[in-house]
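Me: I am new to this structure. Can you take me through how to read its features, one at a time?

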Amino acid sequence: MHIPDGFLNTPTIAATYTVSVSGLAIVWQKVKKQFDQQTVPKIAMLAAFIFVAQMINIPVTGGTSGHLLGGFLAALVVGPSAGIFIIALVLVVQMLLFQDGGITALGANILNMGITGVGISYLLFYHLERINRKFFHSRLFQSFSVFLAAWISVEVSAILCGTELGFSGLADMKVSIGLLAGVHAVIGLLEGIMTLFIYESIRSIRPDMILSLESPVKEAAEK
């Protein structure tokens with residue numbers, strides 16, 4: 001899903017950079033308020049983990065492969081704004097060190113996998129968790145919410161990526177969206193399984209590392 005140089009036209013590059021820079025400026029103001037002796041190590045640890053995890057590709061089908069995005073997982077631990085910041089940081093490092101994604105497409109990649117992927121998936125989880133707390137009080141429902149939100153983080157990123165490629169004239173928009181959404185629907189299942197496994201492991205071993213719902217919900221509502 002990392003878009004390389006040469007795939008996007010100038011209007012799409014300009015639009016995605018504008019949205020991403022504006023979004024990151026807002027996110028940075030919120031992330032700075034979280035900097036303390038407990039949160040900074042978590043952000044550094046998650047950034048390092050996601051960076052390494054994204055380098056490991058798992059074959060899916062038809063010659064395609066997928067890897068953990070990790071944005072929603074980061075949001076569960078340090079909140080949605082910090083999660084977006086982490087993904088943006090990882091994407092910049094990947095671009096500079098490994099040419100994984102182009103500099104002209106950096107705005108689009110941050111928008112797709114960071115701002116949109118993390119933001120929408122976390123808001124979905126937040127609303128599902130509110131329903132769970134009000135009606136079900138179910139651990140199983142919460143696990144399903146984590147899995148679904150992680151899957152959505154991949155799928156919405158893929159759909160937005162296909163839209164950008166379609167606007168750029170690389171392919172017919174219906175074809176680009178359909179192809180990317182179809183392939184990443186399978187990749188999203190891996191994201192959901194891995195995110196749920198890691199989340200449950202952290203909650204079992206170090207439940208104090210999971211951010212309480214109230215704080216990031218307030219943060220999300222302020223956006």
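Reply: Start with one side chain. This is a predicted model. In it, Phe72 has 1% relative accessibility, so Phe72 counts as buried. The cut-off for buried is under 20%.

Me: Phe125: buried or exposed?

Reply: Phe125 has 4% relative accessibility, so Phe125 is buried as well.

Me: How do Phe72 and Phe125 sit relative to each other?

Reply: For a ring pair, look at the centres and the planes. Phe72 and Phe125 form an aromatic pair with 5.6 Å centre to centre and 70 degrees between the planes. Planes over 60 degrees apart count as edge-to-face, so that label applies here.

Me: Which helices does the pair link?

Reply: Phe72 lies in helix α3 (residues 71-78), and Phe125 lies in helix α5 (residues 106-136). The two are 53 residues apart, so the pair links distant parts of the chain.

Me: How many aromatic pairs are there?

Reply: The count comes to 8. Among them is Trp28 with Phe35, an edge-to-face pair at 5.7 Å centre to centre and 70 degrees between the planes. Trp28 has 32% relative accessibility, so Trp28 counts as partly exposed. Phe35, at 38%, is also partly exposed.

Me: Which residues do ring pairs link into a cluster?

Reply: Phe135, Phe136, Phe141 and Phe144.

Me: Now a helix. How should I read which way its residues point?

Reply: Begin with the general idea. An α-helix has 3.6 residues a turn, so residues three or four places apart point the same way. Now the case here. Helix α1 covers residues 10-34. Its buried residues include Thr12, Thr16, Ser20, Gly23, Val27, Lys30 and Gln34. Ile13 and Val31 are buried in α1 too.

Me: What does α1 reach from its first C-alpha to its last?

Reply: The helix has 25 residues and reaches 36 Å, close to the 36 Å expected at 1.5 Å a residue.

Me: What pattern does the protein follow along the sequence?

Reply: Count the elements, then read their order. There are 8 helices and 2 strands. The order is α-α-β-β-α-α-α-α-α-α.

Me: How do I judge the overall fold?

Reply: Compare the radius of gyration with that of a compact globule. For 223 residues, such a globule would be near 17 Å; the protein has 17 Å, so the two agree. The C-alpha atoms fill a box of roughly 45 × 35 × 30 Å along the principal axes.

Me: What share of the residues is buried?

Reply: Buried residues make up 50% of the 223.

Methods. Residues numbered from 1 in each chain as written. Predicted model: local features only at pLDDT ≥ 70, side-chain atom pairs only at ≥ 80, totals over all residues. Heavy atoms only, no water. Helix = DSSP H or I, 4+ residues; strand = E, 2+ residues; numbered from the N terminus. Expected span 1.5 Å × (residues − 1). Buried < 20%, exposed > 50% of the residue type's maximum accessible area, 1.4 Å probe, protein only. Phe/Tyr/Trp six-rings, centres within 6.5 Å; stacked < 30°, edge-to-face > 60°. Rg over C-alpha atoms; globule rule 2.2 N^0.38 Å.
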